[in-house]
Amino acid sequence: MTLTLRSSTSFINLKDYSKGLKTSDESSSGVVCFAQMKPSFRIRAKSSLQEAQLFQERIRVSSTTDDLPRELLHELPSIAHSSNNNDSKKVPVYVMLPLDTVTHGGHLNKPRAMNVSLMALKNAGVEGVMVDAWWGLVEKDGPSKYNWEGYAELVNLVQRHGLKIQVVMSFHQCGGNVGDSCSIPLPPWVLEEISKNPDLVYTDKSGRRNPEYISLGCDSLPVLRGRTPIQVYTDYMKSFHDRFRDYLGDVIVEIQVGMGPCGELRYPAYPESNGTWKFPGIGEFQCYDKYMKASLEASAEAQGKRDWGTTGPHDSGQYNQFPEDTGFFKRDGTWNTEYGRFFLEWYSEKLLRHGDRLLASAKGVFQGTGAKLSGKVAGIHWHYRTRSHAAELTAGYYNTRLRDGYIPTAKMFSKHGVVLNFTCMEMKDGEQPDNANCSPEGLVRQVKMATKSAGLDLAGENALERYDSGAYGQVLATSRSDSGNALSAFTYLRLNKRLFEGDNWRNMVEFVKDMADGGRNERLSECDSTGTDLYVRFIKEKKVQEEKDTVLV
């Protein structure tokens, strides 16, 4: 992933929820200040606040138990806002569930707390939730032995609350990346095969093995007890389809296909485990397992350049270097030579073929179910302002000042009718360190234009946990179609206790409302003083309204 802060802190307790509920309804009553409403609206808002206060009092009375009495769950006053715009403009908001939503024993983690959390999300107007269906949990007992029971509990609970769910086919390890606070390795029987043949996983030029994900170099080889990795992934998806066929297209509205580390279509070029990589290092190429080396050698021979296939670039530096520290990535470096272009085309094309195979398999499994298919691309925004875009190149995105690397990816997604999910939607250039040459805004604009030209839907996520109105305002700005594609959906990272605290919950509720208005509702709180375009426009409109009020007086 793209610098994604992943917190596994789970849910809320009743006291925390009570606080969040109070704040939520205070914000509901405060909605009347945004527009001149009829008295009946103010009466309803006041009544809603009184209901919430009464409900909170009853929560406190029953807070000695782990769960709310069933009759109280139906008394929660709705804080969801009604939208005046039609559904065609709506940008549905989903919320990612904690990484440990399903336990190592295969059961739903903290079901009572999950029940209350889902109730709160529903009443805030959230469309649904997203969850990782971990390969390491579901198929851990042996090849083709699947346990979906914990996920079945979750799907049933989501359905009871009238929510939708996006399910990620997570074929990667959890642990070793930003915010991975729990550990879910690959299935034990897969790790056993890796111990026998270490070349099954990605390898850097120093020989360091990365157990996050099976190397794409062996996609079509029967290295997993007689099956190829693509066959194993396909069988896994078929099992999910068979177990949840009655929910697909109705409750389960999207299947996101994991295609690499953190579920993203990329190489593990910037692993954080054991301090291997730190932001904003350029990362390293991951092409030194025997399968990738054999492919490189064959490609070089086909080009009549046998010497180019002996190894990867010798001058590409180390994980934590900067572009100008290397011969390959510097301004006029090897990346822009005939050899450099050959290597980068081979390296990026291998990644695209991997994605093409997996998405074709997923399409064959889920076509006709009514569930959308999506895939995730990492938002690698550091060193974006340099000529070589080094960090993107090591991750497999052949995107430079001279070449658009996201159009080929968008076309491949479009070929299968798959939604492209992209991150760092909340980031602004001015928030990044100067020495990293970041431009998340420029990167998002490029991806929006690429998806628009390829004719496919674009969905978004935030890269880091953010609760402030400035971050929400940036998402609102990028969700519109002013330049390139508008967002078809947005998934917020992540459900935890902090989300329900004070202003955090108030900001979230207002954000959901604004996204329901297609990202065109430019009402932001005055505490958004971070300089977003929406904030500047808000201040201008506020002054105009004050002038009108003065004239009326």
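## Ground rules

The model is predicted, so local features need pLDDT of at least 70 and side-chain atom pairs count only at pLDDT 80 or more, while totals for chains, interfaces and linings use all residues. Residues are numbered from 1 along each chain as its sequence is written, and side-chain values use heavy atoms, with hydrogens and water left out.

## Helix α6

Let's start with α6, residues 149-160. Helices here are DSSP runs of H or I with at least four residues, strands are runs of E with at least two, and both are numbered from the N terminus. The expected span of a helix is 1.5 Å times one less than its number of residues.

Which residues of α6 are buried? They are G150, Y151, A152, L154, V155, L157 and V158. Buried means under 20% relative accessible area, exposed means over 50%, and partly exposed is in between (1.4 Å probe, protein chains only). Among the elements covering these buried residues are α4 (111-123), β2 (128-134), β3 (164-170) and α8 (229-243). Just after the helix, G162 takes a positive phi of about 70°.

## Helices α14 and α15

Next up is a pair: α14 (residues 469-479) and α15 (residues 502-516) have axes that come within 10 Å and cross at roughly 10°. Axes are lines fitted to C-alpha atoms, for helices over the stretch in contact, and angles run from 0 to 180 degrees between N-to-C directions. The two helices are therefore roughly parallel to each other; angles under 35 degrees count as roughly parallel, over 145 as roughly antiparallel, 65 to 115 as roughly perpendicular and the rest as oblique.

On the α14 side, S469, Y472, V475, L476 and S479 meet N504, N507, M508, F511, D514 and M515 of α15. Contact means heavy atoms within 4.5 Å. By class, this contact has six nonpolar, four polar and one charged residues. Ala, Val, Leu, Ile, Met, Phe, Trp, Tyr, Cys and Pro count as nonpolar, Asp, Glu, Lys and Arg as charged, and the others, Gly among them, as polar.

## The nonpolar core

A nonpolar core is a set of buried Ala, Val, Leu, Ile, Met, Phe, Trp, Tyr and Cys residues joined through side-chain atoms within 4.5 Å. The largest one has 142 residues, and W135 and M508 have the most contacts inside it. Helix α10 (residues 338-366) gives the most to this core, with 13 residues. A second, separate core of five residues includes V253, V419, A459 and A489.

Setting aside neighbours within four places in sequence, W135 touches residues including F171, L186, W189 and V232. V232 lies in α8 and counts as buried, at 0% relative accessibility.

Most residues other than glycine have a negative phi, and most peptide bonds are trans. Here are some exceptions. The bond from F279 to P280 is cis, with omega near 5°, and P280 sits in the loop between β6 and α9 (290-302). The bond from L493 to R494 is also cis, with omega near 10°; R494 is in the loop between β10 (487-492) and α15.

N274 has a positive phi near 60°, and this residue is exposed, with a relative accessible area of 81%. N437 has a positive phi of about 50° and is partly exposed at 30%.
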